[in-house]
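Welcome! Take a moment to look over the sequence and the structure below, and then read on for a short tour.

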Amino acid sequence: MIVLSVSALALGGCGRKGPLDLPPTANAAPGAAASDTESERAAQPSVFNPTYGSDAAPAATRGNKRPFVLDPLLGN
């Protein structure tokens with residue numbers, strides 16, 4: 001069971017890093033991927049872009065604090 005789990009995790013990381021491949025019938029501009037600048041990439045949302053949205057306003061305001069059962073244990 002352990003060997004199977006370790007091999008599944010190891011093989012799950014296999015693959016190529018990059019954009020998805022287009023279907024053979026797709027009409028892609030050949031220079032579109034090569035013309036990306038650093039500022040354009042920084043403005044795009046991505047899992048690998050931790051700075052995306054850091055200048056944006058919060059999505060929701062902080063709500064009222066509601067009591068929780070374990071609050072006396074934490075001293076709050």
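Helices and strands here are DSSP runs, numbered from the N terminus; a helix needs at least four residues and a strand at least two. Read along its sequence, the protein chain shows the pattern α-α-α. That makes three helices and zero strands.

Please keep in mind that this is a predicted model. The protein chain has an average pLDDT of 74, and 76% of the residues score at least 70. Confidence is highest in helix α1 and lowest in helix α2, as the table shows.

| Helix | Residues | Mean pLDDT |
|---|---|---|
| α1 | residues 2-12 | 85 |
| α2 | residues 38-42 | 70 |

How much of the protein chain is buried? Of its 76 residues, 3% count as buried. The protein chain exposes about 7800 Å², and carbon and sulfur atoms supply 62% of that area.

Now let us visit helix α3, which covers residues 71-74 and includes Asp 71. Asp 71 is buried but has no salt bridge. The nearest side chain of opposite charge belongs to Lys 65, 4.7 Å away, and a salt bridge has to be within 4 Å. The side chain of Asp 71 does reach the backbone nitrogen of Phe 68, at 2.9 Å.

Leu 73 is also placed in helix α3. Is Leu 73 buried or exposed? Leu 73 counts as exposed because its relative accessible area is 71%, and the cut-off for exposed is over 50%. Leu 73 belongs to a nonpolar patch on the surface, together with Phe 68, Val 69, Leu 70 and Leu 74. Together, these residues of the patch have about 610 Å² of accessible area.

Methods. Residues numbered from 1 in each chain as written. Predicted model: local features only at pLDDT ≥ 70, side-chain atom pairs only at ≥ 80, totals over all residues. Heavy atoms only, no water. Buried < 20%, exposed > 50% of the residue type's maximum accessible area, 1.4 Å probe, protein only. Lys, Arg positive; Asp, Glu negative; His and termini not counted. Polar contact = N/O pair within 3.5 Å; in protein donor to acceptor, adjacent residues only side chain to side chain. Patch = residues over 30% accessible without salt bridge, like charges linked within 9 Å, V, L, I, M, F, W, Y side chains within 5 Å. Areas by Shrake-Rupley, 256 points an atom, 1.4 Å probe, with all protein chains shown as cover. pLDDT = per-residue confidence, 0-100.
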